[in-house]
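Hello,

Here is the structure I promised to pass on to you. Have a look at it first, and then read on for what turned up in it.

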Amino acid sequence: MSVISIIVPAYNTASSIERTLSSIVEQDVPDIEVVIVDDGSTDDTLEVIETFFTAGNSTRLKKIIVSQVNSGVSAARNRGLSLASGKYVLFLDSDDLLNVGVLRRFIEAAETTSADIVIGGYELANESGITLREVNSEWFSGTIAGETAAERILKSKLRPWTASVLYRREFLISKDLKYQRGCNFGEDSEFTIKLVYRAETVACFPDTVYKYIQRGGSLSNKNDLQVFHYPASKRRLLVFFTRAQEAKLARIIESRSLPYSFLVSLNLISVNKDLKKQFKEIAGSMQVRRIMKRYFQLESNQRTLRLSFDISLLLL
């Protein structure tokens with residue numbers, strides 16, 4: 001059994017995946033399994049992957065490479081997880097970069113604490129890999145209960161992102177939770193929060209794990225109606241915590257996470273002139289207005305006020 005399985009979903013990233021794979025090879029962990037799921041790429045992604053490994057870059061890696069009909073990033077991650085065999089699991093997107101030497105220390109944090117999940121920081125970086133800013137959390141020593149960690153995430157005191165979270169695979173299998181198939185925006189936080197809540201113990205790694213590359217064509221920069229996958233993910237979390245009889249966590253989602261997700265989604269599509277009609281219909285609906293009204297009464301941070309002001313102008 002490998003120490004860690006790194007699951008890499010890939011779709012039309014021929015220009016970036018070699019650099020991503022190199023950041024894995026450069027880690028000083030002797031036993032790494034990399035599981036690459038090509039999600040029906042229409043460019044040379046698969047060829048780049050095969051060339052990378054035939055060029056002698058696979059001597060220290062156990063590699064699994066599979067292809068599937070395009071089914072979305074969630075389905076690709078789920079398939080990768082079903083193939084993984086490592087003691088620990090990490091999800092790394094095919095345009096992001098692990099920081100040099102970080103993986104060994106990340107795994108050591110999990111081994112030392114025996115935690116089900118370890119949460120680290122990450123860096124926002126441009127397409128050249130230059131760090132724009134670090135995203136850290138309110139770090140803590142030792143471990144905390146999953147319920148406590150979930151609350152801290154919902155309150156933005158802990159800020160995990162895809163590859164800044166290390167999971168014990170045995171724990172993942174026991175909980176049988178999957179990424180929401182078909183969801184392309186917000187699927188990361190939904191998956192992480194549900195698992196964190198179900199974890200017995202959660203630890204932190206007070207350093208940045210990887211560079212989250214900000215590129216013009218990435219999903220987080222889209223401005224089509226897929227952005228409403230984001231509030232849909234928050235609605236599923238609301239149902240999840242309501243069924244778990246976690247009234248406090250459900251209230252946080254209802255009063256903060258859900259309305260903020262609508263605000264972000266509306267702001268993203270507001271720049272798409274082709275969706276002006278849909279934008280006004282959604283933003284002007286009674287349901288969305290009710291959700292927003294309570295949020296504006298509770299929230300006072302400047303970013304929220306700026307977004308709400310921009311959207312109000314567009315509705316005039």
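**A charged pair under cover**

Glu 123 and Lys 211 are both buried. Please keep in mind as you read that this is a predicted model. The two side chains form a salt bridge, with their closest N and O atoms 3.4 Å apart. Glu 123 belongs to strand E6 and Lys 211 to strand E10, so this pair ties together parts that lie 88 residues apart in sequence.

**The strands around E6**

Strand E6 covers residues 117-125, and nine of its nine residues are buried.

E6 and E7 make a hairpin with five residues between them, and Gly 129 in the turn has a positive phi of about 85°.

Ile 119 has Val 165 as its bridge partner in E9.

**On to E4**

Strand E9 (residues 165-168) is also joined to E4, by two bridges, and these two strands run antiparallel. Tyr 88 is the residue that stands opposite Arg 168 in E9. E4 pairs with strand E1 (residues 4-10) as well, this time in the parallel sense and over four bridges. In that pairing, Ser 5 stands opposite Val 89 in E4.

Which way do the side chains of E4 (residues 88-91) point? Tyr 88 and Leu 90 point one way, Val 89 and Phe 91 point the other way, and all of them are buried.

Arg 77 sits in helix H3 (residues 73-83) and Glu 187 in helix H7 (residues 187-198), so the link connects distant parts of the chain, 110 residues apart. Are these two residues buried or exposed? Buried means under 20% relative accessible area. Arg 77 has a relative accessibility of 2%, so it counts as buried. Glu 187, at 5%, therefore counts as buried too. Arg 77 and Glu 187 also belong to a network of salt bridges that links them with Asp 93 and Asp 188.

The other is between Glu 151 and Lys 248, where the closest N and O atoms are 3.0 Å apart. Glu 151 lies in helix H5 (residues 146-154) and Lys 248 in helix H9 (residues 247-269), so the pair ties together parts that are 97 residues apart in sequence. Glu 151 is buried, with a relative accessible area of 17%. Lys 248, at 45% relative accessibility, counts as partly exposed.

**Out on the surface**

There is also a patch of negative charge on the surface, where Asp 43, Asp 44, Glu 47 and Glu 50 gather. Asp 44 has its place in the loop between strand E2 (32-38) and helix H2 (45-57). Its relative accessibility is 47%, so Asp 44 counts as partly exposed.

**Two backbone angles to look at**

Ser 156 is not a glycine, yet it has a positive phi of about 65°. You will find Ser 156 in the loop between H5 and E9. With a relative accessible area of 46%, Ser 156 is partly exposed.

Asp 176 is not a glycine either, and it has a positive phi of about 50°. Asp 176 is in the loop between helix H6 (169-175) and H7. With a relative accessible area of 55%, Asp 176 is exposed.

Enjoy exploring, and write back whenever you like.

Best wishes

Note on methods. Residues numbered from 1 in each chain as written. Predicted model: local features only at pLDDT ≥ 70, side-chain atom pairs only at ≥ 80, totals over all residues. Heavy atoms only, no water. Patch = residues over 30% accessible without salt bridge, like charges linked within 9 Å, V, L, I, M, F, W, Y side chains within 5 Å. Areas by Shrake-Rupley, 256 points an atom, 1.4 Å probe, with all protein chains shown as cover. Salt bridge = Lys/Arg side-chain N within 4 Å of Asp/Glu carboxyl O. Lys, Arg positive; Asp, Glu negative; His and termini not counted. Charge placed at Lys NZ, Arg CZ, Asp CG, Glu CD. Buried < 20%, exposed > 50% of the residue type's maximum accessible area, 1.4 Å probe, protein only. Pairing = 2+ DSSP bridges.
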